[in-house]
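Hi,

Here is the structure I promised to pass on. Have a look at it first, and then read my notes below.

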Amino acid sequence: MQNDETVLKVDDLRVYYATSEGDVKACDGVSFEVRSGEILGLVGESGSGKSTATSGVLRTVGSPGRIVSGRVILDGDDILQLADEAMRKLRWQKLALIPQGAMNSLNPTMTISAQIADVVETHEGRQPQQVLQDRIYGLLRMVGLPARIYSMYPHELSGGMKQRACIAMSIALDPKVIVADEATSALDVVVQRVVAQTMLRIKNELNVSFIMIGHDMGLMAQVVDRLAVMYGGQLVEIAGVQDMFATPAHPYSEILIDSVPTLTERKAMRITEGITHDPRNPPTGCIFRLRCPYAMAKCAESRPALTEVRPGQSVACHLWKKDENGNYVRASV
Amino acid sequence: MSEHLFEIDEVSKIYGPEDTGLVALSHYSFTIPEKPARIITIAGESGSGKSTLGELLLRSSPPTRGRILFQGVDIWKFSERQKRDYHRHVQAVFQDPFGVYNPFYRIQHVFDMVVNNYKLADSKPAARNMIEEALNAVGLRGDDVLRKYPHQLSGGQRQRIMIARATMLKPKFIVADEPVSMVDASLRASILDVMMKLRDEHGISFLYVTHDLSTAYQIGDQIILLYQGTVAEHGKAVDVISNPKHPYVQLLIESVPKPDPNDPWPGEVELPAEEAFRTAAATGCRFYQRCPQRMPRCEKDNPELYDVGKDRHQASCFLYE
């Protein structure tokens with residue numbers, strides 16, 4: 001089950017997009033680890049760099065974007081240094097993707113079983129018919145789909161079923177890490193729950209790790225083990241999900257958690273003002289300072305480093321300082 | 001003059017042939033009083049018919065059966081003049097705050113169009129004052145936004161500008177179809193807050209079309225939950241959401257992920273493989289195939305809305321007959 005063994009380590013990853021007015025730093029020095037058998041959530045608003053960061057991990061950054069620097073260590077290899085052919089083999093086998101709008105990524109002219117078979121045979125060569133068939137039935141069972149899906153076409157399935165078919169495909173080669181990019185966002189709440197619970201079951205049964213990209217804090221609370229928060233291309237906080245919700249350390253995490261409306265208590269919603277900066281022209285110092293309710297003079301001067309302020313909880317914010325005993329405390333403002 | 005703003009009388013909307021087509025809304029009746037202003041939420045999953053109701057009220061398409069009365073007059077029997085007035089009184093705010101703008105024009109242009117089309121002001125300073133007033137009502141200032149292009153504003157600001165544009169016409173009713181679903185979570189509150197303010201200070205009622213029950217709970221006065229074109233349950237938003245009665249609504253509310261890692265979903269749910277067929281010829285409760293409490297008669301008979309609580313809290317389920 002979940003332990004502290006690191007399966008994927010991302011170190012100071014930078015992905016920039018070229019524009020006529022200079023680079024947009026969509027992923028600007030992002031570092032995190034994914035542990036064995038955990039779901040790591042990656043949240044932030046649109047344009048915060050969550051999908052860009054993972055496209056760097058998967059090496060799928062397309063022009064005008066480019067990976068500028070950084071390391072992505074999977075199984076001892078820096079995958080940013082691998083030759084293209086080695087990288088092609090590694091995809092699906094060690095690192096799989098459930099893309100955003102996965103249900104539209106299925107080939108409409110192939111049956112579900114043929115698409116899964118395609119993934120398997122491309123990587124492992126021709127398989128005896130019976131072996132392949134049993135394996136596909138096993139995968140469908142694993143994601144809770146009935147056996148008759150085997151010979152159906154994508155248009156015959158509902159959105160939630162297509163999404164689960166994509167999950168079946170992603171686990172076909174027993175990968176170490178699966179990146180799920182907004183895998184449930186286009187689904188209705190009941191179907192979303194079914195798909196999310198399928199992911200949880202797979203995590204437990206196969207001990208696979210997930211990076212789950214999303215923007216719904218409620219869903220994150222239900223599904224992930226640890227949560228990383230991104231803003232403006234930078235990772236501003238990472239913590240266990242319990243700590244993140246109980247004691248968020250970064251002002252932006254705090255706002256994100258406060259702005260989730262609940263179904264149990266009718267109360268005034270927290271309204272945040274301030275302008276999101278132009279990504280071509282980010283502010284000096286802290287990336288969040290233009291929207292931060294606690295911004296100080298120091299925040300304009302230097303970028304705060306990601307620092308572990310409590311066990312397992314790291315934050316990039318100048319409010320946190322060491323006291324005389326050497327413990328980190330957050331300045332009260 | 002009727003005391004009702006809207007009377008929706010046995011309205012059905014069927015796409016395709018009347019006997020075999022797809023039922024988007026079935027035998028729906030509802031009245032919206034002129035006063036006090038209120039926020040009425042229409043919620044349900046994709047394909048439940050919630051946007052269809054909004055379109056019917058906007059007069060984008062006629063109902064297949066039934067009538068919609070606005071201040072006592074059938075909206076499909078309007079004179080030209082009544083049509084023009086109607087489109088002034090009933091405004092719309094749509095889901096996508098990025099697609100509704102022409103990227104070549106400054107924000108000022110959005111407002112100039114309204115002022116010119118409806119001849120709202122006879123001088124430039126008067127127009128400027130009206131625009132400023134409308135922007136202030138949504139928490140913006142003309143100096144900050146009017147000279148800007150749409151791409152220079154956040155999704156939240158663009159959506160509030162659309163609401164400001166709608167309020168210039170002093171409407172009685174705004175159909176807001178998923179107005180916050182494309183706006184980042186941290187900026188949603190500002191839009192919802194504007195809706196409540198317009199209800200309380202300007203007497204504007206809203207039809208808030210959404211799939212997000214938590215925002216409906218926070219700002220809605222009444223809620224109508226649709227399932228495959230039929231009303232599963234309706235009543236005061238607080239009553240329905242804190243004490244749901246219809247098995248579908250119970251499942252729906254239980255499935256909304258709670259923002260608390262210590263409060264997980266209660267157990268796993270199973271979904272039937274196929275979507276239930278929903279042509280006009282289909283009979284029985286629409287939720288039959290998925291219902292954990294189904295009875296033999298639910299397959300054949302259509303449940304009516306039965307009282308399940310105070311203030312017209314009703315659910316269409318034989319459990320409450």
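**Strands in chain B**

β3(B) and β9(B) run parallel and are joined by four bridges. (Strands here are DSSP runs of E with at least two residues, helices are runs of H or I with at least four, and both are numbered from the N terminus; two strands pair if DSSP finds at least two bridges between them.) Before you go on: this is a predicted model, where local features need pLDDT of at least 70 and side-chain atom pairs count only at pLDDT 80 or more, while totals for chains, interfaces and linings use all residues. Residues are numbered from 1 along each chain as its sequence is written, and chains are lettered from A and ligands numbered from 1 in the order in which they are written.

Back to that pair of strands: T41(B) sits opposite I223(B) in β9(B). β9(B) also pairs with β10 (residues 230–236) of chain B, this time antiparallel, over six bridges. There, L225(B) has E233(B) as its bridge partner. The two strands make a hairpin with two residues between them, and Q228(B) in the turn has a positive phi of about 45°.

Is β9(B) mostly covered or mostly open? Mostly covered: six of its six residues are buried. (Buried means 20 or more other C-beta atoms within 10 Å of a residue's own, exposed means 12 or fewer, and partly exposed is in between, with C-beta atoms placed from the backbone.) Q222(B), I224(B) and L226(B) point one way, while I223(B), L225(B) and Y227(B) point the other.

G44(B) lies in the loop between β3 (39–43) and α1 (50–57) of chain B. Why is G44(B) counted as buried? Because 27 other C-beta atoms lie within 10 Å. Leaving out residues up to four places away in sequence, G44(B) touches G49(B), K50(B), H211(B), L225(B), L226(B) and Y227(B). (Touching, or contact, means C-beta atoms, placed from the backbone, within 7 Å.)

**Over to chain A**

Chain A has ten helices and 14 strands. Its radius of gyration is 21 Å, close to the 20 Å that the globule rule gives for 333 residues, so chain A is as compact as a globular protein of that length. (That radius is taken over C-alpha atoms, and the rule is 2.2 Å times the number of residues to the power 0.38.) Of those 333 residues, 47% count as buried.

Look for the open sheet of eight strands, in the order β6-β7-β8-β3-β9-β10-β12-β11 (chain A), with mixed pairing. β6 and β11 (307–310) of chain A are at the edges with a single partner strand each, so one side of each has no neighbour in the sheet. Within the sheet, β3 (residues 39–43) and β8 (residues 209–214) of chain A run parallel, joined by five bridges. L42(A) has I213(A) as its bridge partner in β8(A).

Now find helix α5 (residues 159–170) of chain A: twelve of its twelve residues are buried. Those residues pack against β6 (95–98), α3 (112–124), α4 (129–142), β7 (177–181) and α6 of chain A.

**Where the chains meet**

37 residues of chain A are in contact with 36 residues of chain B. α6(A) gives the most to the side of chain A that touches chain B, with six residues.

Enjoy!

Technical notes
Two residues are in contact if their C-beta atoms, placed from the backbone, lie within 7 Å.
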